[in-house]
Amino acid sequence: AFFVPMAIMLLLFVFLGMVPLGKTSILILDMNAQYVYFFEQLREVLLGKASLFYTFERALGGEFFGYYTYYLASPLSIIVALFPKSLIYEAISTIMVLKTGLCGLSFSIYLYKTRPINSIGFGMFSVMYALCAYATAYQSNIMWMDALIYLPLIALGIELLIKEGKFKLFIISLALAIWSNYYIGYMLCIFTLIYFIFFL
């Protein structure tokens, strides 16, 4: 559930001649026009070379924390600090591939805890979830992929809350989803209300 979606993504990178094995890049649309520069600035922040709250990289300067909260708050964003600045494309590609694997893993956890299907079913449906149309269409908006990681855990948390009175998974997964990207986070809050009523 974790490794197969990542392997498929890497094979696609190879087949399409993408960085680091080719010359093309996954950075398209806003990812190339904006986000890559935000990740570069975050790298500088994490290495202690810039401020999380203000940057002089925006025209005459301006706040940076708003960019962090919307685009960069994912826990996986810190990976950019592990790469040199010249390999920022590779850093973002690594984050994207890891998020794809984590989508499959979280969905397999949900299936394992809630559905009596065999291990082949867990793997198959987890790979399908990790590579669904939303995940592939919005990879250029990398900050929205975190919602797919947390969604199965939130659903599992709701079910555990209603059936067993356990609330920790629900609170932690929803809080992390909102922290990672508040825009999709509030949509997950709407989902939470609907799914709670449905499951109840």
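Buried here means under 20% relative accessible area, exposed means over 50%, and partly exposed falls in between (1.4 Å probe, protein chains only). This is a predicted model, so local features need pLDDT of at least 70 and side-chain atom pairs count only at pLDDT 80 or more, while totals for chains, interfaces and linings use all residues. Residues are numbered from 1 along each chain as its sequence is written, and side-chain values use heavy atoms, with hydrogens and water left out. Helices are DSSP runs (H or I, at least four residues), numbered from the N terminus.

**Helix H5**
- H5 covers residues 119-130 and spans 16 Å from its first C-alpha to its last, close to the expected 16 Å (1.5 Å times one less than its number of residues).
- Its buried residues are Gly121, Phe122, Ser126, Val127, Tyr129 and Ala130.
- Those buried residues pack against helices H1 (3-15), H4, H6 (133-137) and H7 (145-164), with contact meaning heavy atoms within 4.5 Å.

**Ser106 in H4**
- Ser106 sits in helix H4, residues 88-114.
- With a relative accessible area of 4%, Ser106 is buried.
- Leaving aside neighbours within four places in sequence, Ser106 touches Leu148, Ile149, Pro152 and Leu153.

**Helix H8**
- H8 (residues 168-180) has 13 residues and reaches 18 Å end to end, C-alpha to C-alpha, close to the 18 Å expected.
- Phe170, Ser173, Leu174, Ala177 and Ser180 are the buried residues of H8.
- They lie on the same side of H8 because they cover an arc of only 130 degrees around the axis, taken from the directions from the helix axis to the C-beta atoms.
- Lys168, Ile172 and Trp179 are exposed on the other side of H8.
- The cover over the buried residues of H8 includes helices H3 (65-72), H7 and H9 (182-199).

Key: Helices (H or I, at least four residues) and strands (E, at least two) are DSSP runs, numbered from the N terminus.
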